[in-house]
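This report describes one protein chain.

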Amino acid sequence: MKGSKELQRHPKTEAMKNQYHTSQLSSNQCGSSLVQTIDAPLPLVWSIIRRFDNPQAYKLFVKSCKLRSGNGGIGSVREVMVVSGLPAATSTERLDELDDECHVMMISIIGGDHRLVNYRSTTTLHEISEEGMNGGKTEVVESYVVDVPAGNSKEDTCCFANMIIGCNLRSLARITEKMAKFHL
């Protein structure tokens with residue numbers, strides 16, 4: 001097809017997706033995976049995502065964040081203040097895994113005044129190169145599993161979580177693509 005570009009995914013991408021983004025759900029849980037392709041190099045995108053202490057750098061619904069324990073590494077706990085208008089004010093979150101070599105981050109929500117009980121998310125980054133170009137694209141995959149609150153359906157719960165994650169991933173793309181163009 002004229003004008004189309006062949007995307008070349010890193011050979012480890014599918015194996016990582018199978019390892020990190022395939023979950024067994026219990027009958028009272030739901031989950032999903034969202035993918036965002038970003039026209040920015042993986043190291044730049046990872047430098048924003050890996051900052052557990054600064055989710056407001058790209059997450060639109062985060063007003064502020066303060067570490068309650070740890071220094072931003074594995075086991076750290078953060079208290080996130082959510083912007084008004086959402087059905088929550090705070091979320092307490094723990095960093096379960098942070099792998100700078102494989103570009104994997106896992107977070108659990110362990111408290112807060114919301115209904116996201118047993119929420120666990122995994123984010124992985126994958127390098128993509130385009131035929132005839134010098135790379136510079138990143139595929140971000142974020143998946144989650146969460147309990148379905150009483151009185152809600154799996155569809156409603158996933159729709160809400162997908163909306164928030166989708167907005168965050170699009171924001172991450174806008175910010176890092178702008179940064180990449182500025183640094184060229």
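## The loop between β5 and β6

Histidine 103 is found in the loop between β5 and β6. Strands here are DSSP runs of E of at least two residues, helices are runs of H or I of at least four, and both are numbered from the N terminus. The model is predicted: local features need pLDDT of at least 70, side-chain atom pairs count only at pLDDT 80 or more, and totals for chains, interfaces and linings use all residues. Residues are numbered from 1 along each chain as its sequence is written, and side-chain values use heavy atoms, with hydrogens and water left out.

The phi of histidine 103 is near 60°, a positive value in a residue other than glycine. Most residues other than glycine have a negative phi. Histidine 103 has a relative accessible area of 18% and is therefore buried (buried is under 20% relative accessible area, exposed over 50% and partly exposed in between, with a 1.4 Å probe and protein chains only). The turn belongs to a hairpin formed by β5 and β6, with four residues between the two strands.

With a relative accessible area of 42%, asparagine 118 is partly exposed.

## Strand pairing

Strand β5 (residues 90-99) pairs with β6 (residues 104-112) in the antiparallel sense, over eight bridges. Two strands count as paired if DSSP finds at least two bridges between them. Within this pair, threonine 92 stands opposite glycine 111 of β6.

β5 is also joined to strand β4 (residues 77-82) by five bridges, and these two strands run antiparallel. Valine 80 has serine 91 of β5 as its bridge partner.

Helix α2 covers residues 42-49, and six of its eight residues are buried. The buried residues are Leu42, Leu44, Val45, Trp46, Ile48 and Ile49.

α2 packs against helix α3 (residues 154-182) at an angle of about 130°, with the axes 10 Å apart. Axes are lines fitted to C-alpha atoms, for helices over the stretch in contact, and angles run from 0 to 180 degrees between N-to-C directions. The two helices are therefore oblique to each other (under 35 degrees counts as roughly parallel, over 145 as roughly antiparallel, 65 to 115 as roughly perpendicular and the rest as oblique). On the α2 side the contact is made by Leu44, Val45, Ile48 and Ile49, and on the α3 side by Leu172, Thr176, Met179 and Ala180; contact means heavy atoms within 4.5 Å. Of the residues in this contact, seven are nonpolar, one is polar and none is charged (Ala, Val, Leu, Ile, Met, Phe, Trp, Tyr, Cys and Pro count as nonpolar, Asp, Glu, Lys and Arg as charged, and the others, Gly among them, as polar).

## The chain as a whole

The chain has three helices and eight strands. From the N terminus on, the order of elements is β-α-β-α-β-β-β-β-β-β-α. Of its 184 residues, 44% count as buried. Among contacts with a separation of 6 or more, 54% come from residues 24 or more positions apart.
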